[in-house]
Amino acid sequence: MRKLRWTENHRMIPNITRGSNPKGLLRYLFGKGRHNEHTDQHLLCASEDMLEAFDMTGQPVESWKRLAERFDRRYRMMERKGQPCPPDQRGKHNPEREPGKQRLWHCSLAIKAGHGILTDQQWQAIIQDYLQRMGITGPDNQDNGQQGERVTWLAVRHGLSRNGNDHAHIVVQLATDDTWINPYHDRIHAQRACRAMEEERAELIELHRTTPRNQIRWSYSQYRMWAQWKAEHDYQGDIAWHQLDPNTRSRHVARVMASSTPKHHVGRIIEACAHASGSEDEFIRRVRREGFNIDPRLRKGVTRDRFTTPEHVVGYRITWRSRDGWTERFNAFDLGDDMRLKHLRDGWRNDTRTAALTVQEWRAAMENRAPVMRNGAEKQAANLTTRDMERLIDQAFHIANSLDASNSEYGAALREGLKTFDRMRGQYGLPQAGTPLISDIPGIASHTQDESQHKR
């Protein structure tokens, strides 16, 4: 069956298939998957006639045969009425008039990998909205009185897919109490419903706001390897990692993948540095201040010794290191098309002085030396960006937490916190005339000197 491709700006993608075997489909959805990729599979929501077949945790309490019979109840009613086929299976697609052929409508809704993960409650609201937009549920498919819905359906959720997508499966019985749901043009309607929800539903709008303006390309195999390493590194269970069963290890890896995307993280910071900078040399200094290494990609035929003008630099590479020791390197085009140097230069100042500074800053970055310009625009308090304030606030909370120590450790934690802020306000241009440094604060200087002598 033809599948729908991801597109650049879409965050939710539907994939629709049809079937005629409810027992097999339900067993697959609540099973381990073809490659043991299903983790924490459970019911999200369902029509009223299906709820009794599941416990409070969303697991089936009936046999697969009984579950399939319950799901097929309305189809059997239509079969007894002499209408055993969905509307699109009454003619050339089913000339033998095979009863119930493709009576199951199966749709997976997926959030593109790296764009975040939704809660069960958010998925429930999205699925119910989606079914109404598709015309499957809603006022036209409700009985008046106390009989409830006229459509049988359920939604199942797993962990992340093999490609890292957060997703949910919806299965609908096309037969209702007295007619059939017509799936004509369902793929077109599904795309329209998803595009509308992306613009209207807060859950999907927030996903868009938390991602870079341009899509960030990444290699899933590379990211999966990092996630496996990270999950094992953070694991603190009583049983050794290699002794855990594959499903348990997969769940740990899925949690890491759901909460961290290295290239996504790096891309957001580099984009913030680029937009805050007024020149290329300022951009280099801002990136280095964030703790990244940035190296120029020189034009073919240009060596480091012959590098004399910014035009000799045609790109850059970012090196990211986690606190746990993992290292990744990203080229500019990996972080988004707008992060290429030729596009960034269109919005930066370019004059003789800036060009000379740019060459010096690139050389300093290549040789891992301190920045050439010590008091650039990035060190002016008026030029603080949202990213800068985010770092300062995070550090303030970190220091506050470190002060929740015993009396004997309080002084050391306070001195360490003051040292950190003393360094950071220098990085961000916060000191003002007359503002005392840490060495000027009575009591702190002597404690610091005593501590250094004690270490010696």
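**Entry 1: the model**

I am working with a predicted model, in which local features need pLDDT of at least 70 and side-chain atom pairs count only at pLDDT 80 or more, while totals for chains, interfaces and linings use all residues. Residues are numbered from 1 along each chain as its sequence is written, and side-chain values use heavy atoms, with hydrogens and water left out. For the element names I rely on DSSP runs, numbered from the N terminus, where a helix is H or I over at least four residues and a strand is E over at least two.

**Entry 2: the open sheet**

I looked up the strand order and found an open sheet of 5 strands, arranged β1-β3-β5-β4-β2 with antiparallel pairing; two strands pair if DSSP finds at least two bridges between them. The edges are taken by β1 (12–19) and β2 (42–46), each of which has a single partner strand, so one side of each is left without a neighbour in the sheet. On average, neighbouring strands of this sheet are turned by 20 degrees against each other, direction ignored. I also noted the general rule that strands of a sheet pair through backbone hydrogen bonds, either parallel or antiparallel.

Within the sheet I followed β4 (residues 152–157) and β5 (residues 166–173), which pair in the antiparallel sense over 6 bridges, and I saw that A155 stands opposite I170 in β5. Helix α6 (residues 186–200) packs on the sheet and touches β1 and β3 (104–111), its direction making about 155 degrees with that of β1. Here contact means heavy atoms within 4.5 Å, and angles run from 0 to 180 degrees between N-to-C directions, with axes as lines fitted to C-alpha atoms, for helices over the stretch in contact.

**Entry 3: helix α11 and its partners**

I then turned to α11 (residues 280–289) and α13 (residues 352–366), whose axes come within 7 Å and cross at roughly 30 degrees.

The contact is made by I270, C273, A274 and A276 of α10 together with E282, F283, R286 and V287 of α11.

**Entry 4: strands β6, β7 and β8**

I next checked β6 (residues 293–298) and β7 (residues 313–321), which run antiparallel and are joined by 6 bridges, with L298 opposite V313 in β7. Strand β7 also pairs with β8 (residues 327–331) in the antiparallel sense, over 5 bridges, and there W320 has E328 in β8 as its bridge partner.

**Entry 5: two loop residues with positive phi**

Last, I looked at R97, which is not a glycine and yet has a positive phi of about 55 degrees; its place is in the loop between α4 (73–80) and β3.
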